[in-house]
Amino acid sequence: MAVENASVVFKVYCLTVMTLVAATYTVTLRYTRTISSGDLYFSTTAVCITEVIKLILSLGMLTKETGSPSRLMKTIVEHVFLSPKELLKLSIPSVVYAIQNNMAFLALSNLDAAVYQVTYQLKIPCTALCTVFMLNRSLSRLQWFSVFMLCGGVTLVQWRPAEATKVQIEQNPLLGFIAIAIAVICSGFAGVYFEKVLKSSDTSLWVRNIQMYVSGIVITLIGVCVTDGEKVMEKGFFFGYTPWVCFVVFLSSVGGLYTSVVVKYTDNIMKGFSAAAAIVLSTVASVILFGLQITITFASGAIFVCVSIYLYGLPKQDTATLSRQDTHKESKQKLIP
């Protein structure tokens, strides 16, 4: 995917916002699940509301793209109400993303925000493998090296997980790691699948988002009924909601939209810096808010992950161009007596 031209100021703005959203989301979600006083809200309802807000935001973007309410209605009728096959096709990533989002709540209930942020970068090798098998792309040697380096860094972080002294609830680091592993697999598969669907037709990104979020709302509502149905009927859909919980839902909703903008207007190196900055911010916030005790293994693993993200994002050399240049030089040398 080609990166569209944009001013440096706009790129920096997009990356800054995405970095702050990623770091603030993990820290705030962790806070609402472990420290915040009051009744604990149902994570399944938060995931469902997130899908509703994403749908509303995507409708707003599609309205801007179509230019008039009549064109908007025509597009929605054509691509949503009269396209059951497309809705069914987009229901696959909807299910996967719903699982991923619920696993994020479970993981951050059992792992510190900084540990989560580092471990979640396993989505890079997972996405890389899905890209190789589903889109028939190839990785350079440097990218494969960075993938193994990233896995080694995450292993160091998880070898002796850093403990948060201010968290009073009982935690299960193994359960948290299993949850984040499932989230990583879901993220890699769903992202590549959605990219494949996008490139299979000229349908607008926002139309595809709407198709996915419509399916997502139905799927997450089923998840609410199956997982917390009786409790929701007894206590209410918005039980335990505080301004901080609403803030988590808001961050989760806008984060995906900003990621799309960053993918469109920036390159992999800048996205790598953003991910590394989010790790640093999450670590600092965890030390202050949760009393995270930084260990040598955690620090080493986090540095390995940050470096591997940078290496993975480096542009691949065009070997065909290099070979042509070498051939041209050789021919020149033969002509020179």
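Start by selecting Q211, which sits in helix α9 (residues 205-235). Helices here are DSSP runs of H or I with at least four residues, strands are E runs of at least two, and both are numbered from the N terminus. Before you click on, know that this is a predicted model, where local features need pLDDT of at least 70 and side-chain atom pairs count only at pLDDT 80 or more, while totals for chains, interfaces and linings use all residues. Residues are numbered from 1 along each chain as its sequence is written, and side-chain values use heavy atoms, with hydrogens and water left out.

Is Q211 buried or exposed? Q211 is buried, because its relative accessible area is 1% (buried means under 20%, exposed over 50%, partly exposed in between, with a 1.4 Å probe and protein chains only). Now show what surrounds Q211: leaving aside neighbours within four places in sequence, Q211 is in contact with H79, E86, L87 and L90 (contact means heavy atoms within 4.5 Å).

Next, select T19 in helix α1 (residues 8-34). T19 counts as buried, since its relative accessibility is 9%. Which residues does T19 touch, not counting those up to four places away in sequence? They are S274, A277, A278 and L281.

Move on to helix α2 (residues 43-66). Its 24 residues reach 35 Å from first C-alpha to last, close to the 34 Å expected at 1.5 Å a residue (the expected span is 1.5 Å times one less than the number of residues). Just after α2, look at G67, which takes a positive phi of about 95 degrees.

Now for a pair: select helix α6 (residues 123-134) and helix α7 (residues 141-159). Their axes come within 9 Å and cross at roughly 140 degrees (axes are lines fitted to C-alpha atoms, for helices over the stretch in contact, and angles run from 0 to 180 degrees between N-to-C directions). Show the side chains: I124, P125, L129 and V132 of α6 meet W144, V147, L150 and C151 of α7.

Finally, zoom out to the whole protein chain. How many helices and strands does it have? There are 13 helices and 0 strands. Of the 337 residues, 46% are buried. Among contacts with a separation of 6 or more, 89% come from residues 24 or more positions apart.
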